[in-house]
Amino acid sequence: MLHRVTKLLVVAAMVGSVPAVADSAQAQSRATQSGELAPYLQCVPYARQQSGIAIYGDAHTWWKKAEGRFSRGKAPRVGAVMAFRPHRNMQLGHVAAVSKIIDSRTVLLRHSNWSPINGRRGQIENDVRAVDASPNNDWSQVRVWYDPIKNLGKTAWPIHGFIY
């Protein structure tokens with residue numbers, strides 16, 4: 001990863017094998033040339049960047065932290081954050097920004113660290129489909145695009161709702 005490459009450059013500079021002045025652009029270039037992978041990205045900072053909603057902490061805390069600071073509801077809106085409840089092996093929850101509303105039961109999301117892409121987690125996915133899978137059509141459960149199968153995943157993930 002880039003951080004590892006940068007640390008290696010600092011160590012190498014300390015022992016005199018590379019110039020002591022190596023900026024991050026040079027380190028990034030070296031990482032790309034050496035085949036290093038881009039840094040791993042969690043869902044929280046990406047959802048914050050995409051939505052502008054300044055909440056910090058694990059995804060499962062966002063719904064409660066939004067109370068009294070941001071409007072919350074059960075209907076999707078462009079720019080809102082879909083807040084997932086912890087479920088199964090997703091114990092820290094998940095957050096994703098709504099980028100487009102397709103119809104009353106389908107939205108597009110921008111999120112990170114959902115699908116493993118090319119066998120690797122922490123990847124960004126933009127404008128992927130999420131469908132209301134709740135029995136009462138109330139957006140309490142969703143199925144989300146899962147890249148390895150190139151389709152919606154089979155799990156209906158519970159969500160708290162949307163933070164506006």
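Colleague: Strands here are DSSP runs (E, at least two), numbered from the N terminus. Which strand is D127 found in?

Modeller: D127 is in strand β5 of this predicted model. D127 has a positive phi of about 60°, although the residue is not a glycine.

Colleague: Back up a bit. How many helices and strands does the protein have?

Modeller: There are 4 helices and 8 strands. From the N terminus, the order is α-α-α-α-β-β-β-β-β-β-β-β.

Colleague: Which strands does β6 pair with?

Modeller: β6 covers residues 141–146 and pairs with β5, residues 124–132, in the antiparallel sense over 3 bridges. β6 also pairs with β8, residues 157–163, over 2 bridges, and with β7, residues 151–152, over 2 bridges. Both of these pairings are antiparallel too.

Colleague: How many residues lie between the strands in the hairpin of β6 and β7?

Modeller: There are 4 residues between the strands, and K150 in that hairpin takes a positive phi near 55°.

Colleague: Change of topic. How many residues are in the largest nonpolar core?

Modeller: That core has 19 residues, and M82, F84, L109, V142 and F162 have the most contacts inside it. At least two of its residues come from each of β2 (81–84), β3 (94–103), β4 (106–112), β5, β6 and β8.

Colleague: What does V142 touch?

Modeller: Leaving out residues up to four places away in sequence, V142 touches M82, F84, V131, D132, A133, T155, A156, W157 and I159. M82 and F84 also belong to the group with the most contacts inside the core.

Colleague: Which residues are in the other core?

Modeller: Another core, of 13 residues, lies apart from the largest one and includes W62, W63, A66 and I163. In soluble globular proteins, nonpolar side chains tend to be buried together.

Colleague: What share of the residues counts as buried?

Modeller: Of the 164 residues, 40% count as buried. The protein exposes about 9300 Å², and 53% of that is supplied by carbon and sulfur atoms.

Colleague: Last topic, pockets. How much space lies in the largest pocket?

Modeller: About 570 Å³. The largest pocket is lined by 23 residues.

Colleague: Which of them lie nearest its centre?

Modeller: M90, H94, N113, W114 and R121.

Colleague: Which elements each supply at least two residues of the lining?

Modeller: Among them are helix α3, residues 43–51, and strand β6.

Terms used:
Residues are numbered from 1 along each chain as its sequence is written. This is a predicted model: local features need pLDDT of at least 70, side-chain atom pairs count only at pLDDT 80 or more; totals for chains, interfaces and linings use all residues. Side-chain values use heavy atoms; hydrogens and water are left out. Buried means under 20% relative accessible area, exposed over 50%, partly exposed in between (1.4 Å probe, protein chains only). Accessible areas come from the Shrake-Rupley method with a 1.4 Å probe; for residues, only the protein chains shown count as cover. Two strands pair if DSSP finds at least two bridges between them. A nonpolar core is a set of buried Ala, Val, Leu, Ile, Met, Phe, Trp, Tyr and Cys residues joined through side-chain atoms within 4.5 Å. Contact means heavy atoms within 4.5 Å. On a 1 Å grid over the protein atoms alone, a cavity is a set of points where a 1.4 Å probe fits but cannot get out, and a pocket is an open set with protein on both sides within 12 Å along at least five of seven lines; lining residues have an atom within 4 Å of a point. Grid points are joined across faces, edges and corners, and a volume is the space filled by probe spheres set on the points.
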